[in-house]
Amino acid sequence: MRIDVLTLFPDFIAQAAGVGVVGRAAERGLITVKGWNPRDYATGNYRRVDERPFGGGPGMLMLPEPLETCLAAARTDGASGPVIYLSPQGPRFTQAKARALAATPGFLLLCGRYEGVDERFLEAHVDEELSIGDYVLSGGELGAAVVIDAVGRLLDGALNDAASAVQDSFEDGLLDCPHYTRSERLGTSGVPDVLLSGDHAKIARWRRQQSLGRTWLRRPDLLARMDLSRQDRALLAEFIARQVSSPDSP
Ligand code: 9WO
């Protein structure tokens with residue numbers, strides 16, 4: 001997969017995509033993340049990339065010309081796929097969207113700065129908008145880093161253990177179960193007995209029940225849209241019954 005990022009801060013993107021699971025995926029040749037700086041395509045002695053808005057008001061906008069030349073350079077270099085603009089105006093970026101993007105050969109991410117991008121550039125060149133949440137940042141780079149991380153770790157071979165991707169929070173629409181380390185200092189105190197039992201079927205059942213229960217407690221909106229199996233409904237019913245009889249147990 002190839003991801004090309006149009007940004008005034010390509011170093012930030014390179015850093016974010018260079019560590020951890022995604023960094024390793026890049027070393028393995030599974031993903032290439034390339035930054036493109038509109039500043040490098042700006043003209044004039046000052047290489048300006050910003051300009052004042054028509055209609056007045058505070059702040060500056062990103063000039064369309066350097067963005068257009070920059071995008072053309074990325075395309076000539078082989079960048080392919082849709083141009084995605086990170087902005088709070090877009091539909092929410094979700095795990096489902098991460099899966100969909102991970103199944104494509106690549107895409108481009110446009111990171112805005114200042115008060116935004118000239119609308120005519122967006123109309124002409126942007127295929128999709130994505131928001132990572134309802135807050136205003138100082139630029140799209142953190143959003144781009146989130147998308148690259150969520151997508152990159154889903155690529156085949158990115159995770160050392162394929163099972164860990166399946167176990168993840170959200171991969172099956174549920175929240176994660178609690179985890180306990182084999183800590184020398186803490187020992188086994190406070191660790192649920194079932195995890196020390198060695199009974200793997202029982203452990204799997206407990207984890208599934210915790211996932212269902214936590215989702216019910218913390219994100220009932222997620223459960224409402226799901227279609228649980230009979231077994232899952234039974235596990236959840238048992239969790240809820242226990243919750244009612246001892247509401248303060250974990
Ligand atoms: C609007 C605005 C109005 C008055 C004064 C300052 C202002 N800044 C902005 C604004 O929305 N700035 C954006 C900063 C311009 C485009 C890039 N920026 C951005 C992207 N902020 N937050 C995001 C973002 C991206 C993805 N998901 C969530 C937030």
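The shell around the ligand divides into nine nonpolar residues, seven polar and one charged, where Ala, Val, Leu, Ile, Met, Phe, Trp, Tyr, Cys and Pro count as nonpolar, Asp, Glu, Lys and Arg as charged, and the others, Gly among them, as polar. This is a predicted model, in which local features need pLDDT of at least 70 and side-chain atom pairs count only at pLDDT 80 or more, while totals for chains, interfaces and linings use all residues. Residues are numbered from 1 along each chain as its sequence is written, and side-chain values use heavy atoms, with hydrogens and water left out.

**Ligand surroundings**
- The ligand is surrounded by 17 residues, the closest being Tyr85, Glu115, Ile132, Tyr135 and Leu137; a residue is near a molecule if one of its heavy atoms lies within 4 Å of it.
- A nitrogen atom of the ligand lies 2.9 Å from a backbone N or O atom of isoleucine 132, and a backbone N or O atom of leucine 137 lies 3.0 Å from a nitrogen atom of the ligand.

**Leucine 137**
- Leucine 137 is found in the loop between strand 7 (128-130) and helix 6 (141-152), with helices (H or I, at least four residues) and strands (E, at least two) taken as DSSP runs numbered from the N terminus.
- With a relative accessible area of 37%, leucine 137 is partly exposed, a class between buried (under 20%) and exposed (over 50%), using a 1.4 Å probe and protein chains only.

**Positive phi angles**
- Arginine 47, although not a glycine, has a positive phi of about 45°, and arginine 47 lies in the loop between strand 2 (32-36) and strand 3 (50-51).
- Tyrosine 114, also not a glycine, has a positive phi of about 60°.

Terms used:
Polar contact = N/O pair within 3.5 Å; in protein donor to acceptor, adjacent residues only side chain to side chain.
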